[in-house]
Amino acid sequence: MKQKPGWVLPDLKEAQKRTTNTIDRIDTFTIPEAARMMGRGKKYFISTYGCQANERDSETLAGILDELGFVPNETAEGSDVIIINTCAIRQNAEEKVLGEIGNFKRLYRENKDLVIGVCGCMAQEEGLVETLLTKYPQVRLLFGTHNIQELPSMLYSCMVEGKKVVKIYSKEGEVYENLPVHRFGTFKAWVNIMYGCDKFCTYCIVPYTRGKQRSRKMSEILKEVQQLKDEGYKEITLLGQNVNAYGKDMDNEQDFATLLEEVAKIGIPRVRFTTSHPWDFSEEMIDIIAKYDNIMPFIHLPLQSGDDDVLKLMGRRYTKESYLALYDKIVNTIPNVSVSTDIIVGFPNETDEQFEHTLDVVRYCKYDNAFTFIFSARPGTPASRMHDSIDMETKRKRLAKLNKTWNDLALEKNKAYVGRTVTVLVDGLSKKNEKVYSGYTDTQKLVNFKGENIQPGDFVEVKITEAKSFSLDGVAV
């Protein structure tokens, strides 16, 4: 791969560095005069992979494109700009992205003015960028998580000057306020409260792709939440890579429990947050959640492993004992709480006994939901350099056993809902059946139900008639 003048390529060693430098906070967004309305009469399409942080970034990308005069297109066909916003957590996500980019090659052959751009966490990986530059010439724009705000000038270089733009910063990062936003939802919204991560779990690429932990000012967050309430939003989710570490990078002793309470006081009907880290989960947080009815009784509490030695190798900073003590505190303090988790099986050299320790925790906690994965080595992380003696067939068997265990327990918990009436915030018609509505309870249970004259965004009382492992069925009352 030959680097061209003006290209800025990713560097994982640079991305790993952490300093005590003051975080820059930038409150203004301006569009270069030459780029104004360059999208007039043109369409854009954004394809998003990964977590809620990526979804929220795509809303910012869409907001900037709107400001440039582009209009959204529902498909890639007929678009003038296609942006693929990527996730770097798992190998299969990378394969899907490359497959989609390959499919777009036909569109580029038909329209040489088409700008295909790739951004997000995957663009921060050295190997992936090299692959894109050497094997996918249809990609004319590559940028990372730290320079979304430069989209107008980058697009101008591509569309007007005919350049191929590669601009991926590897740095700690800044906090940008007041960037344009095109909300994809009309009654649910994501609210970033912080960016980046300093935990450096040994399997995780996020601290390299997202930069240093940096919290937004509480006043700016509360202003955004108030605006969403004024616009009629019914539910917000506070976002952070480790959301409950909010404020630990600031000097004014702000913390997540305080922020959570101030957000609840604004009066949005439903407040959620994700993703929390057991290490940073304070008793004050638990008490605040229990205190306010509009903070939803649903906690996502990643376990990753139930074995102390594996947890130490993962760099997770807690033990099985401390995790279970926290779990007990949560379920004993917060009424009607539900808990979900993340679990990795087949971490390098995980023994059968260590895997059984994970199953022991699953049986104890009886999670309402679990996101389970076979360990995926991400290049550049410490875990990717660990020798691994476990064959893939063993890992697959463990995953199957884990999934059967938690699925059976989740079904058992869901059966307790049968006969109860729950409040559902309606998303709309079910994707599988146009005669059925779907939405979520306060405990994040998916409910499919029958009813009449119901609109997305309505709160509806639903009597549960049947329980499944992943959802509930019912009838509006």
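Trainee: What does Cys51 count as, going by its relative accessibility?
Mentor: Partly exposed, because its relative accessibility is 31%. Buried would mean under 20% relative accessible area and exposed over 50%, with partly exposed in between, using a 1.4 Å probe and protein chains only. Keep in mind that this is a predicted model, where local features need pLDDT of at least 70, side-chain atom pairs count only at pLDDT 80 or more, and totals for chains, interfaces and linings use all residues. Residues are numbered from 1 along each chain as its sequence is written, and side-chain values use heavy atoms, with hydrogens and water left out.

Trainee: Which residues does UniProt list as "binding site"?
Mentor: The unreviewed entry puts that feature at Cys51, Cys87 and Cys121. UniProt positions follow the numbering used here, feature names are shortened, and annotations may be inferred rather than shown by experiment.

Trainee: Why say those three gather at one spot?
Mentor: They span 71 residues in sequence, but no two of their C-alpha atoms are more than 10.5 Å apart, so they do come together at one spot.

Trainee: Where do Cys51 and Cys121 sit in the fold?
Mentor: Both are in loops. Cys51 is between strand E2 (43–48) and helix H2 (52–67), and Cys121 is between strand E5 (115–120) and helix H5 (126–135). The helices (H or I, at least four residues) and strands (E, at least two) are DSSP runs, numbered from the N terminus.

Trainee: Cys121, then: buried or exposed?
Mentor: Buried, because its relative accessibility is 6%. Leaving aside neighbours within four places in sequence, Cys121 is in contact (heavy atoms within 4.5 Å) with Asn54, Thr86, Cys87, Ala88, Thr145, Thr209 and Arg210.

Trainee: New topic. How is the chain divided up?
Mentor: Into domain 1 (12–167), domain 2 (191–416) and domain 3 (420–476). Those bounds come from an automatic or database domain assignment. The C-alpha centres of domain 1 and domain 2 are 28 Å apart, and 24 residues of domain 1 are in contact with 30 residues of domain 2.

Trainee: And what does the record say covers 183–412?
Mentor: The unreviewed UniProt entry annotates that stretch as "domain: Radical SAM core". Residues 183–412 are 41% helix and 16% strand, and the end C-alpha atoms of the span lie 37 Å apart.

Trainee: How much space is in the second largest pocket?
Mentor: About 630 Å³. Of its 27 lining residues, the closest to the centre are Arg56, Tyr176, Asn178, Leu179 and Tyr195. H2 and helix H8 (218–230) are the elements giving two or more residues to the lining, and H8 has the largest share, with five. On a 1 Å grid over the protein atoms alone, a pocket is an open set of points with protein on both sides within 12 Å along at least five of seven lines, a cavity is a set where a 1.4 Å probe fits but cannot get out, and lining residues have an atom within 4 Å of a point. Grid points are joined across faces, edges and corners, and the volume is the space filled by probe spheres set on them.

Trainee: Why does that pocket lie between domain 1 and domain 2?
Mentor: Because both domains give residues to its lining. By class, the lining has six nonpolar, nine polar and 12 charged residues. Nonpolar here is Ala, Val, Leu, Ile, Met, Phe, Trp, Tyr, Cys and Pro, charged is Asp, Glu, Lys and Arg, and the others, Gly among them, are polar.

Trainee: How many cavities of 30 Å³ or more are there?
Mentor: One. The largest cavity has a volume of about 60 Å³, and Ala53, Asp57, Tyr195 and Arg210 are among the residues lining it. H2 and strand E10 (194–195) are the elements giving two or more residues to that lining.

Trainee: Which residues of H9 are buried?
Mentor: Phe256, Ala257, Leu259, Leu260, Glu261, Val263, Ala264 and Ile266. That's eight of the 11 residues of helix H9 (residues 256–266), so the helix is largely enclosed by the rest of the structure. The cover over these residues includes H8, strand E12 (235–239), E13 and H10.

Trainee: Last one: which peptide bond is cis?
Mentor: Thr274 to Thr275, with omega near -5°. Thr275 is in the loop between strand E13 (270–274) and helix H10 (283–291). Most peptide bonds are trans, and most residues other than glycine have a negative phi. Asn349 is not a glycine, yet its phi is positive, about 70°. Gln444 isn't a glycine either, and its phi is positive too, at about 65°.
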